[in-house]
Amino acid sequence: MDPSDSILNSHNGSAYNSVITYRCRFDEEFKYILLPVSYSLVFVFGFLLNATALWLFLKMRPWNPSTIFMFHLALSDFLYVLSLPTLVYYYANHGNWPFGVAACKIVRFLFYVNLYCSILFLTCISVYRYVGICHPLKALTLVKPCHSYLACAAVWGVVIVCMVPNLFFVTTSRRDNITLCHDTTNKKLFKDYVDYSSVVMVFLFGVPFLVIVVCYCLMARALCRPRVGVSSSQQGVNFYQKTLKLIIMVLVVFAVCFVPFHVTRTLYYTARVLKVNCETLNMINFTYKITRPLVCINSCIDPILYFLAGDHYRSRLISALPGRREATNSQTPEQPQIQANDPHSLSLVYKKRGEKLKSKHPSIHPSIHPSIHHPSIHPSIHPSIHPSIHPSIHPPIHPSIHHN
């Protein structure tokens with residue numbers, strides 16, 4: 001937020017509050033330290049983390065639906081952090097914008113595009129996880145990479161169209177021999193801007209947030225419910241724990257980055273429209289300003305989600321570390337590389353493992369041995385693999401165990 005957004009008809013540094021004329025001037029020296037420092041840190045870490053994420057994603061082709069959403073989320077974050085150096089200079093220069101009106105519009109535009117693209121891509125990832133875990137059979141036919149590409153194109157299209165009015169509202173102005181880059185708009189159009197931003201907030205924040213909460217509540221219930229026929233091995237437990245951690249992480253991102261910003265911004269806009277007294281507005285304005293860096297932090301937190309959500313991303317990142325590649329190759333020289341999206345390679349591995357175990361222990365039926373009935377290929381975890389398609393992965397349950 002800029003000084004022009006928190007100063008309403010200020011005159012010669014005085015502060016007035018009356019029914020007829022509403023005038024307040026705030027002491028905002030704190031933000032000329034808070035915002036440059038926070039934006040600088042976000043730029044450094046966000047640039048490195050998202051550039052690394054994009055590089056790893058490009059090396060992970062072919063992509064599954066979840067990876068497609070994560071790539072576009074990383075792309076959105078990367079484009080945003082590229083605009084931060086201009087804001088660092090702006091606030092370090094005590095709110096003097098030297099880059100022109102067009103650059104001001106673009107920077108503010110990128111902020112909101114990143115904000116709502118992040119929310120919608122996180123929603124897509126959440127819905128994809130929900131379908132895979134709670135409706136694995138439907139995921140076989142309903143969730144394909146082409147559908148994910150269409151969803152990403154829709155997200156970019158909807159957000160850009162919704163943010164185009166920002167290019168009209170955002171502008172610059174002169175005050176006390178400095179140029180201000182407004183985050184909202186001028187005073188004449190402020191009420192129209194509040195109406196516009198309120199509608200955008202409901203549809204691009206309120207509805208997706210509600211969808212995410214519902215999906216994760218249903219996912220948590222499904223993961224905590226005992227599953228018949230699913231092995232309770234350590235790998236199965238690790239999967240459930242990882243998924244629950246992902247649920248918690250996404251909810252934390254919303255609770256820390258998105259919810260405080262939208263709540264305080266709504267309070268601030270409402271206070272300005274209702275023309276509350278300057279002391280109250282100053283408190284709301286201070287609270288609103290300190291939530292702006294929190295929104296930017298999501299650009300650094302999202303790569304943590306990639307690490308928790310994707311096994312291939314994690315393995316690629318670990319193998320890219322210095323000294324890890326040679327150690328990995330020396331420990332597993334003959335182990336074949338298996339793609340999680342290739343059900344044929346998985347079925348071949350588990351079929352060979354079952355034949356080897358059966359030759360050593362003929363009395364042990366493969367359907368009850370945990371090394372064959374592997375939890376990592378349960379339909380709720382790998383929706384693309386179903387027992388009806390690959391019976392070698394899930395051998396039929398022995399008649400002596402299964403009774404209908």
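I began with aspartate 176, which is exposed at a relative accessible area of 55% (exposed means over 50%, buried under 20% and partly exposed in between, with a 1.4 Å probe and protein chains only). Its side chain meets that of arginine 175 in a salt bridge, 2.7 Å from N to O (a side-chain nitrogen of Lys or Arg within 4 Å of a carboxyl oxygen of Asp or Glu).

I noted that this is a predicted model, in which local features need pLDDT of at least 70 and side-chain atom pairs count only at pLDDT 80 or more, while totals for chains, interfaces and linings use all residues. Residues are numbered from 1 along each chain as its sequence is written, and side-chain values use heavy atoms, with hydrogens and water left out.

**Salt bridges**

I searched the whole structure and found 5 salt bridges. Arginine 292 and aspartate 183 form one of them, at 3.3 Å from N to O. This pair links distant parts of the chain, 109 residues apart, with arginine 292 in helix α10 (residues 278–309) and aspartate 183 in the loop between β4 (178–181) and α8 (190–224); helices (H or I, at least four residues) and strands (E, at least two) are DSSP runs numbered from the N terminus. I found both arginine 292 and aspartate 183 buried. Salt bridges with shared partners join Glu28, Lys31 and Lys289 into one network; within it, glutamate 28 and lysine 31 have their closest N and O atoms 3.2 Å apart, and both of these residues are buried.

**Core**

I then looked at the largest nonpolar core, which holds 91 residues, and saw that Phe57, Tyr112, Tyr116, Met163 and Phe258 touch the most other members (the core is a set of buried Ala, Val, Leu, Ile, Met, Phe, Trp, Tyr and Cys residues joined through side-chain atoms within 4.5 Å). Helix α5 (residues 100–134) gives the largest share of this core, 19 residues. Leaving aside neighbours within four places in sequence, I listed the contacts (heavy atoms within 4.5 Å) of tyrosine 112, among them Met163, Asp183 and Phe261.

**Helices and record**

I counted 13 helices and 4 strands in the chain. The unreviewed UniProt entry lists several stretches as "transmembrane region", including residues 109–128 and 244–263; such annotations may be inferred rather than shown by experiment. I checked residues 109–128, which are 100% helix with end C-alpha atoms 28 Å apart, and residues 244–263, which are also 100% helix, with end C-alpha atoms 27 Å apart.
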